[in-house]
Amino acid sequence: MICYAVIDTNVLVSALLSSHEDAATVQIVGKLFSGEIIPLFSKEILDEYNDVLRRKKFGFSNEAISLMLRTIEKFGEPVVPTPTGEVLPDMKDLPFYEVVLEKQDSDAYLVTGNIRHFPAKPFIVTARELLDILNQS
């Protein structure tokens, strides 16, 4: 099954930091590269990915960051979201939420490590939950 997903930045960071190939976040990123997950993004999301992944505290190589961003842009689908006026606990998460709302006709998911930052919706899932959904199909 191929699905659409907005990938929260924390999922990418977790995957790049992990040394375990079986970690759920690593598997999600692997599915981005294999084409099983089509990433959805907006300009704001790409800007956040670029800013956060380049933070010195993570120590990610420019090559790894560039590969990740190029892959998301090349195989993903850009979305211009409609403003919702929604108020979230962390308003920096709003671009991710608005993009997934824009694509609900495509059974899109928002994959995050911070479920509590978003409204309780069946399309907002953890990396492990999305893997379970994909494996059931």
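Two strands are taken to pair if DSSP finds at least two bridges between them. On this basis the predicted model contains an open sheet of 5 strands, arranged in the order β3-β2-β1-β4-β5 with parallel pairing. The edge strands are β3 (77-78) and β5 (124-125), each of which pairs on one side only. In general, strands of a sheet pair through backbone hydrogen bonds, in either a parallel or an antiparallel manner.

Strand β1 spans residues 3-7. With β2 (residues 37-41), β1 forms 3 bridges in the parallel sense, and C3 has I37 of β2 as its bridge partner. With β4 (residues 109-111), β1 again pairs in the parallel sense over 3 bridges; here A5 stands opposite Y109 of β4. Of the 5 residues of β1, 4 are buried, so this strand is largely enclosed by the rest of the structure. Further along the sheet, β4 and β5 are joined in the parallel sense over 2 bridges, with V111 opposite V125 of β5.

Helix α2 (residues 24-34) packs on the sheet, where it touches β1 and β2. The direction of α2 makes about 95° with that of β2. Helix α6 (residues 127-136) has A127, L130, L131 and L134 as its buried residues. Viewed down the axis of α6, these residues fall within an arc of 100°, so they line one face of the helix. An α-helix has 3.6 residues a turn, so residues three or four places apart point the same way. The buried residues of α6 pack against β1, β2, β4 and β5, and also against α2.

The largest nonpolar core has 44 residues, among which I7, L12, Y49 and L130 touch the most other members. L130 is also one of the buried residues of α6, while I7 belongs to β1, which covers residues 3-7. When residues up to four places away in sequence are not counted, Y49 touches I7, D8, T9, L12, L69, I72 and F96.

Side chains of opposite charge can pair when their charged atoms come close. A search of the whole structure finds 3 salt bridges. In one of them, the side chains of K31 and E36 meet with an N to O distance of 3.1 Å. K31 is buried, having a relative accessible area of 15%, whereas E36 is partly exposed at 31%.

Another salt bridge links the side chains of D47 and K43, at 2.7 Å from N to O. D47 and K43 are 4 residues apart in helix α3 (residues 43-53), and are therefore separated by about one helical turn. D47 counts as partly exposed, with 37% relative accessibility, and K43 is exposed, with a relative accessible area of 57%.

A further salt bridge is formed by K103 and E77, whose closest N and O atoms are 2.7 Å apart. K103 lies in the loop between α5 (94-102) and β4, and E77 lies in strand β3, so the pair ties together parts that are 26 residues apart in sequence. K103 is buried, with a relative accessible area of 15%. E77, at 23% relative accessibility, counts as partly exposed.

Conventions. Residues numbered from 1 in each chain as written. Predicted model: local features only at pLDDT ≥ 70, side-chain atom pairs only at ≥ 80, totals over all residues. Heavy atoms only, no water. Buried < 20%, exposed > 50% of the residue type's maximum accessible area, 1.4 Å probe, protein only. Contact = heavy atoms within 4.5 Å. Axes fitted to C-alpha atoms, helices over the stretch in contact; angles between N-to-C directions. Arc of directions from axis to C-beta. Core = buried A, V, L, I, M, F, W, Y, C linked by side-chain atoms within 4.5 Å. Salt bridge = Lys/Arg side-chain N within 4 Å of Asp/Glu carboxyl O.
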